[in-house]
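Please read the following note with the sequence and the model side by side.

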Amino acid sequence: MIDTLELAGIPPQDEALRPAIRSFLEETVGGLAPEIRARSWMGFDAAFSRALADRGWLGLTLPVEYGGAGKGPFARFVLAEELLGAGAPVSAHWIADRQSGPLILKYGTEAQKRFYLPRICRAEAFFCIGMSEPGSGSDLASIRTRATRTDGGWVLNGSKIWTTNAQRSHYMIALARTSGEPADRHKGLSQVVVDLSLPGVTVRPIRDVAGDAHFSEVFFDNVVLAPEALIGDEGQGWAQVNAELAFERSGPERVYSSMVLLEGWLAHCRALGAGGARQAAPLGRILASLAVLRAMSIAVTAKLARGENPALEATLVKDLGTEAEQMIPRIIGDILAASPEVPMPASLGRTLAYLEQMAPSFSLRGGTREILRGILARGLGLR
Ligand SMILES: Cc1cc2nc3c(=O)[nH]c(=O)nc-3n(C[C@H](O)[C@H](O)[C@H](O)COP(=O)(O)OP(=O)(O)OC[C@H]3O[C@@H](n4cnc5c(N)ncnc54)[C@H](O)[C@@H]3O)c2cc1C
């Protein structure tokens with residue numbers, strides 16, 4: 001498996017996007033407090049997403065005929081790397097741009113593509129992912145939300161939980177049972193797009209340990225959906241969701257969640273003029289790990305660019321990437337705590353506190369560490 005992850009480089013035409021993105025970010029995000037920038041893909045700012053859209057940077061990989069830029073995965077890699085490195089508030093458009101748009105492109109009807117994709121590219125349609133339910137997270141095939149076919153379309157009943165941005169999105173792509181029983185597992189599941197303003201949809205935000213409310217519980221009480229709410233084929237929801245999870249896991253975002261903290265801590269070390277082993281050795285460890293992960297993430301992007309399916313390699317990068325994201329606040333926190341007499345900027349303390357609180361979630365969202373390792377074991381023929 002590992003020998004399929006070959007070292008690759010970013011093509012010059014994609015690398016050439018970087019300076020314009022960087023100067024745009026300097027203008028728009030450069031002045032934000034680090035503890036705000038540390039939220040990055042949890043930071044919701046519709047105006048920022050529209051500003052990106054105005055520059056043609058949403059739907060980079062979607063075809064031009066649907067409002068996209070028609071570029072390849074390396075362009076998206078460069079953009080994502082710059083956005084996350086700067087701590088830009090990308091949450092409003094992130095899910096639509098990363099996975100709902102590509103999912104609709106792959107499985108949607110022509111009418112669905114013409115309706116949703118241009119709106120995604122203009123930052124007018126924000127999406128959320130309705131997979132997890134109370135009692136069905138890792139064991140996704142056991143979901144109970146049901147879409148029942150009627151003469152006029154579908155009626156949706158059930159609930160979802162931990163739905164990022166449900167309270168601020170226009171649409172959810174929900175996994176629902178359209179035939180059979182939960183015991184039928186992968187069979188009989190389908191994906192439907194739900195307009196979250198419809199009667200019968202109730203969205204209740206959940207506050208996390210850091211005090212933010214970025215995800216919600218969502219309840220469906222006899223929500224009437226049109227026939228064209230179905231995405232792809234009825235009963236193919238499991239295969240489609242797995243394709244969607246491959247879009248979700250194959251970007252560089254599982255490596256960069258702690259970059260704003262790292263940058264703040266480096267600035268603090270430089271300001272102190274502090275050399276010596278206490279900082280240098282752990283910093284070397286962090287950089288070594290980030291350099292390898294970046295090379296692996298570029299190699300995954302190269303597989304995408306060749307039209308190959310990097311689902312297994314992306315799983316590997318996500319597992320290792322989230323470990324690095326969790327290691328950074330742990331190491332920096334330990335070093336700062338070992339010298340309580342040295343004053344540090346209040347914003348560095350707040351950024352560290354935020355990341356220390358959030359770090360456990362890095363290896364939960366998008367599939368837990370144990371689930372990813374099970375997928376890797378299967379890839380090695382061990383299960
Ligand atoms: C910040 C954040 C954002 C999220 N956003 C979304 C979203 O937008 N949409 C969405 O649908 N979901 C979202 N989720 C939910 C996320 O996908 C689930 O939390 C995750 O899949 C785990 O499911 P669970 O919480 O039900 O935990 P469980 O599945 O109950 O797992 C609990 C623990 O048991 C372990 N475990 C479970 N099964 C096994 C097994 N077979 N072998 C070994 N260990 C196992 C798990 O690894 C975990 O440590 C989000 C979660 C977080 C933290």
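1. A salt bridge is a side-chain nitrogen of Lys or Arg within 4 Å of a carboxyl oxygen of Asp or Glu. The model discussed here is predicted: local features need pLDDT of at least 70, side-chain atom pairs count only at pLDDT 80 or more, and totals for chains, interfaces and linings use all residues. Residues are numbered from 1 along each chain as its sequence is written, and side-chain values use heavy atoms, with hydrogens and water left out.

2. The structure contains 27 salt bridges. One of them pairs Glu 248 with Arg 254, whose closest N and O atoms are 3.3 Å apart.

3. Arg 373 forms a salt bridge with Asp 319, with the closest N and O atoms 2.9 Å apart. Arg 373 lies in helix H13 (residues 369-379) and Asp 319 in helix H11 (residues 311-338), so this pair ties together parts that are 54 residues apart in sequence. Helices (H or I, at least four residues) are DSSP runs, numbered from the N terminus. Asp 319 is buried, with a relative accessible area of 7%, whereas Arg 373 is partly exposed, at 38%.

4. Arg 373 also forms a salt bridge with Glu 323, the closest N and O atoms again being 2.9 Å apart. Because Glu 323 lies in helix H11 and Arg 373 in helix H13, the pair ties together parts that are 50 residues apart in sequence. Glu 323 counts as partly exposed, at 35% relative accessibility. Elsewhere, salt bridges that share partners join Glu 15, Arg 18, Arg 22, Glu 81, Glu 82 and Arg 294 into one network.

5. A nonpolar core is a set of buried Ala, Val, Leu, Ile, Met, Phe, Trp, Tyr and Cys residues joined through side-chain atoms within 4.5 Å. Which residues have the most contacts inside the largest core? They are Leu 25, Phe 48, Leu 83, Val 90, Leu 262 and Trp 265, in a core of 68 residues. Elements that give two or more residues to this core include helix H2 (18-28), helix H4 (46-54) and H11. H11 gives the most, with ten residues.

6. Leaving aside neighbours within four places in sequence, Val 90 is in contact (heavy atoms within 4.5 Å) with Ser 40, Trp 41, Gly 43, Phe 48, Leu 83 and Leu 84.

Note on methods. Buried < 20%, exposed > 50% of the residue type's maximum accessible area, 1.4 Å probe, protein only.
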